[in-house]
Amino acid sequence: MKKFIVVAIAIMMVATLFAGGKKEPAVEAKKTITVGYAQVGAESDWRLANTESFKTTFTEANGYDLIFVDAQQKQENQIKAIRNFIQQDVDYIVVAPVVETGWETVLTEAKNAKIPVILSDRQMQVSDDSLYLCWVGGNFLKEGRDGVKWLESYLAEKGRADEQINIVDLQGTIGASAQIGRTQGIEEGVAANANWNLVAQQSGDFTQDGGQKVMEAILKSVGADNIDVVFAENDNMAWGAIDSIKAAGKVPGKDIIIITFDAVHESFNRMIAGEINCAVECNPLHGPRVDEIIKTLEAGGTVDKIMYVTEEVFDEKNAAARINTRAY
Ligand code: AHR
């Protein structure tokens with residue numbers, strides 16, 4: 001049974017006033033909406049901003065009871081969290097899926113329990129789209145392609161368009177939408193530019209430590225002099241890779257072009273400092289978007305199945321002018 005919290009004290013006060021012969025306006029019953037959020041984890045600064053966005057939006061004052069679960073980047077933990085949400089008979093389930101596949105069974109359980117599932121951030125690949133209500137997030141393939149477009153024009157501007165360009169792709173968690181889209185972007189770029197070579201491609205799991213360790217190993221195996229570009233599929237991996245590049249005696253942003261994704265505040269600082277050349281935005285502020293979806297549904301409205309958010313590309317040219325306008 002769904003939970004309705006009646007403002008009992010207010011009703012008792014009104015009843016008392018009526019008993020005393022005074023008329024007061026009727027008090028409306030207020031409904032608290034219970035939302036279970038199965039978050040990926042706390043692997044990156046982007047993720048922390050996303051968690052903050054949900055926690056500051058889904059408040060009691062805003063009419064919500066938020067049950068937040070950090071799945072520590074494990075799909076099995078998210079599946080367990082969803083099953084717990086079903087048991088607790090929440091009103092809505094929100095999931096930022098760690099990976100795209102493997103969700104049919106648990107989503108069917110949510111559907112049978114008549115609990116709507118909203119996907120946020122990353123997507124799911126399911127055989128039956130009716131297993132979830134809608135999705136809101138960034139367009140990861142477009143982000144990857146935007147990074148490639150930026151690199152093409154940067155190389156042309158520097159007179160390097162015809163040089164052999166050796167690229168390292170530091171991938172995110174394999175199977176996550178953000179990895180799939182951004183990896184496809186760079187692979188398309190390499191296929192379209194005969195002089196671009198993908199010299200290494202490995203996952204750093206979207207963490208700073210992962211980026212640092214994977215880059216350290218790649219610098220050893222490929223050789224620092226043989227790397228022109230690092231295409232880091234998120235900010236934290238880029239920062240870790242920068243540490244390894246410095247330790248190898250190279251200057252990030254100069255000797256090796258650094259392209260990153262997310263564009264959180266620290267990457268703006270690093271663009272201004274010249275360490276990062278380009279940061280493609282991935283917007284984490286999905287809390288208010290999911291709130292709007294739920295409020296629309298509660299009011300009897302409908303929402304689009306797929307909702308992409310608008311994102312920008314920043315680089316060393318506009319970072320200083322834009323840093324103070326950034327919310328995360
Ligand atoms: O799914 C969004 C990605 O996940 C962000 O790029 C990354 O930083 C996060 O961990």
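In the predicted model, an N or O atom in the side chain of E43 is 2.4 Å from an oxygen atom of the ligand. This is a polar contact, a pair of N or O atoms within 3.5 Å. R47 places a polar side-chain atom 3.0 Å from a ligand oxygen atom. For D262, the corresponding distance to an oxygen atom of the ligand is 2.5 Å. The ligand on its own has 280 Å² of accessible area, and the protein covers 100% of it (Shrake-Rupley method, 1.4 Å probe). Residues around the ligand, with a heavy atom within 4 Å, include W46, D121, R122, F140, R182, F206 and N234.

Residues are numbered from 1 along each chain as its sequence is written.

Helix 2 (residues 45–57) packs against helix 10 (residues 287–298) at about 45°, with the axes 8 Å apart. Helices are DSSP runs (H or I) of at least four residues. Axes are lines fitted to C-alpha atoms over the stretch in contact, and angles run from 0 to 180 degrees between N-to-C directions. S53, F54 and T57 of helix 2 meet G287, P288, V290 and D291 of helix 10 (heavy atoms within 4.5 Å).

How values were computed:
This is a predicted model: local features need pLDDT of at least 70, side-chain atom pairs count only at pLDDT 80 or more; totals for chains, interfaces and linings use all residues. Side-chain values use heavy atoms; hydrogens and water are left out. Helices (H or I, at least four residues) and strands (E, at least two) are DSSP runs, numbered from the N terminus. A polar contact is a pair of N or O atoms within 3.5 Å; within protein, one must be able to donate a hydrogen and the other to accept it, and residues adjacent in sequence count only if both atoms are side-chain atoms.
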